[in-house]
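Have the viewer ready, and we will walk through it together.

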Amino acid sequence: MLKGDEDKAANYMKVAVNLDSTNYKQLQKDPVFTPIRQEIPKPEKIEKQEVEEVKKETDQEMKNIVEEEQGKKKIVSKEKKVFRHLFKTNLLMENLSNEDLMMIRNKKEKQKMQEKQQKEQEQD
């Protein structure tokens, strides 16, 4: 990380993460990036992978439930539809909250840039 210049380091890391999403995973692991870790947004590619993993886990859970219940009773198609609907609704809510967080981060960044520009104008 660039010594004493967290803004520059954050900007460079954002570019690196945009170029290759595996850099984000390294950013999360490496303690050197602790001061700027929260400033780097999670790439959409990683978010999509996580959603796919959750979908796979949910499908596996459904299969396990069905297998357990086969001896007792079968899950009817309406229950499956309800389960899927609830799962999709949960994902939608998570995405909305992630988008809200991104919007807040963007506002803060814009505010910082405006403050810097005002300071530069005042110094001139």
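## A partly exposed aspartate and its partner

The model we are looking at is a predicted one. Asp 7 takes part in a salt bridge with Lys 116, and the closest N and O atoms of the two are 2.9 Å apart. Lys 116 sits in helix α4, spanning residues 77-123, while Asp 7 belongs to helix α1, so this pair ties together parts that are 109 residues apart in sequence. Lys 116 is also partly exposed, at 43% relative accessibility.

## The overall fold

Stepping back, the protein has four helices and zero strands, giving the pattern α-α-α-α when read along the sequence. Of its 124 residues, 15% count as buried.

The protein exposes about 10500 Å², and carbon and sulfur atoms supply 51% of that area. As for how the chain meets itself, take the contacts between residues at least 6 apart in sequence: 49% of them join residues at least 24 apart.

## A buried lysine

Which residue does Lys 14 pair with in a salt bridge? The partner is Glu 109, with the closest N and O atoms 2.4 Å apart. This pair, too, links distant parts of the chain, with Lys 14 in helix α1 and Glu 109 in helix α4, 95 residues apart. Helix α1 covers residues 6-19.

Is Lys 14 buried or exposed? Lys 14 counts as buried because its relative accessibility is 16%, and the cut-off for that class is under 20%. Glu 109, at 30% relative accessibility, counts as partly exposed. Setting aside residues up to four places away in sequence, Lys 14 touches Glu 39, Ile 40, Pro 41 and Glu 109.

The structure holds four salt bridges, and one of them joins the side chains of Glu 52 and Lys 55, at 3.8 Å from N to O.

As a general point, side chains of opposite charge can pair when their charged atoms come close.

## A buried threonine

Our last stop is Thr 58, which lies in helix α3, residues 44-70. Thr 58 counts as buried because its relative accessible area is 10%. A polar atom of the Thr 58 side chain lies 2.8 Å from the backbone oxygen of Val 54.

What does Thr 58 contact, leaving aside its neighbours within four places in sequence? Phe 83 and Phe 87 are the residues in contact with Thr 58 on that count.

Technical notes: Residues numbered from 1 in each chain as written. Predicted model: local features only at pLDDT ≥ 70, side-chain atom pairs only at ≥ 80, totals over all residues. Heavy atoms only, no water. Helix = DSSP H or I, 4+ residues; strand = E, 2+ residues; numbered from the N terminus. Buried < 20%, exposed > 50% of the residue type's maximum accessible area, 1.4 Å probe, protein only. Contact = heavy atoms within 4.5 Å. Areas by Shrake-Rupley, 256 points an atom, 1.4 Å probe, with all protein chains shown as cover. Polar contact = N/O pair within 3.5 Å; in protein donor to acceptor, adjacent residues only side chain to side chain.
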